Amino acid sequence: MKTIKVVAAVIRDGDKIFATQRGYGDLKGGWEFPGGKIEEGETPQEALKREIMEELDTEIEVGELIDTIEYDYPDFHLSMGCYWCSVVSGDLVLKEHEAARWLGKDELMDVEWLPADVELIGKLL
Ligand SMILES: Nc1nc2c([nH]c(=O)n2[C@H]2C[C@H](O)[C@@H](COP(=O)(O)OP(=O)(O)OP(=O)(O)O)O2)c(=O)[nH]1
Ligand SMILES: [Mg+2]
């Protein structure tokens, strides 16, 4: 099966984290951490900064790796590096997503996460 390498930003502000709802494609409507596919020649950190600029018009600082999630979707294997991040500048403008929420710890289960994210949410709790 084909492996897709993805990076995702867990953007934190105080005790809340930023979740976004996918606006297009097969998984439309599911909640995720913003980010996307690593392109050839990029480090994970470079890819994540680029993706967040593209998707949210915001500059971030990429911190520690939280976990790498490995998940089998029906048609590909996902390998997703999830990093703690914080906003450096910008207003988190939704350029591709349908909606976004800042979630506190007691709200993390209030949205319908993509299947691969459920394990990560368990770890964040
Ligand atoms: N960004 C992101 N993708 C996730 C998460 N969970 C999860 O299963 N995925 C899957 C959905 C996609 O099949 C795959 C790649 O993410 P993506 O669609 O954001 O990639 P991208 O921004 O490069 O978008 P595109 O140019 O390919 O349309 O990872 C998550 O929390 N964040
Ligand atoms: Mg994306």
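Modeller: Strands here are DSSP runs (E, at least two residues), numbered from the N terminus, and two strands pair if DSSP finds at least two bridges between them. This is a predicted model, in which local features need pLDDT of at least 70, side-chain atom pairs count only at pLDDT 80 or more, and totals for chains, interfaces and linings use all residues. Residues are numbered from 1 along each chain as its sequence is written, while chains are lettered from A and ligands numbered from 1 in the order in which they are written.

Biologist: Which residue in β3 is the bridge partner of Gln21?

Modeller: Strand β3 covers residues 31–32 and pairs with β2 in the antiparallel sense, over two bridges. Within β3, the partner of Gln21 is Trp31.

Biologist: Which residue in β7 stands opposite Ala19?

Modeller: β2 also pairs with strand β7, residues 99–103, in the antiparallel sense. Five bridges join β2 and β7. Opposite Ala19 stands Arg101.

Biologist: Which residue takes a positive phi in the hairpin of β1 and β2?

Modeller: Strand β1 (residues 3–13) and β2 (residues 16–21) are antiparallel, with two bridges. Asp13 stands opposite Lys16 in β2. Two residues lie between the strands, and the one with a positive phi, near 65°, is Gly14.

Biologist: How many charged residues does the shell around ligand 1 have?

Modeller: Around ligand 1 there are 16 residues (C-beta atom, placed from the backbone, within 6 Å), and those that come nearest are Glu32, Gly35, Gly36, Lys37 and Ala116. Elements giving two or more residues to this shell are β1, β4 (35–37) and β6 (77–89). With Ala, Val, Leu, Ile, Met, Phe, Trp, Tyr, Cys and Pro counted as nonpolar, Asp, Glu, Lys and Arg as charged, and the others, Gly among them, as polar, the shell has 10 nonpolar and two polar residues, and the number of charged ones is four.

Definitions and conventions. Helix = DSSP H or I, 4+ residues; strand = E, 2+ residues; numbered from the N terminus.
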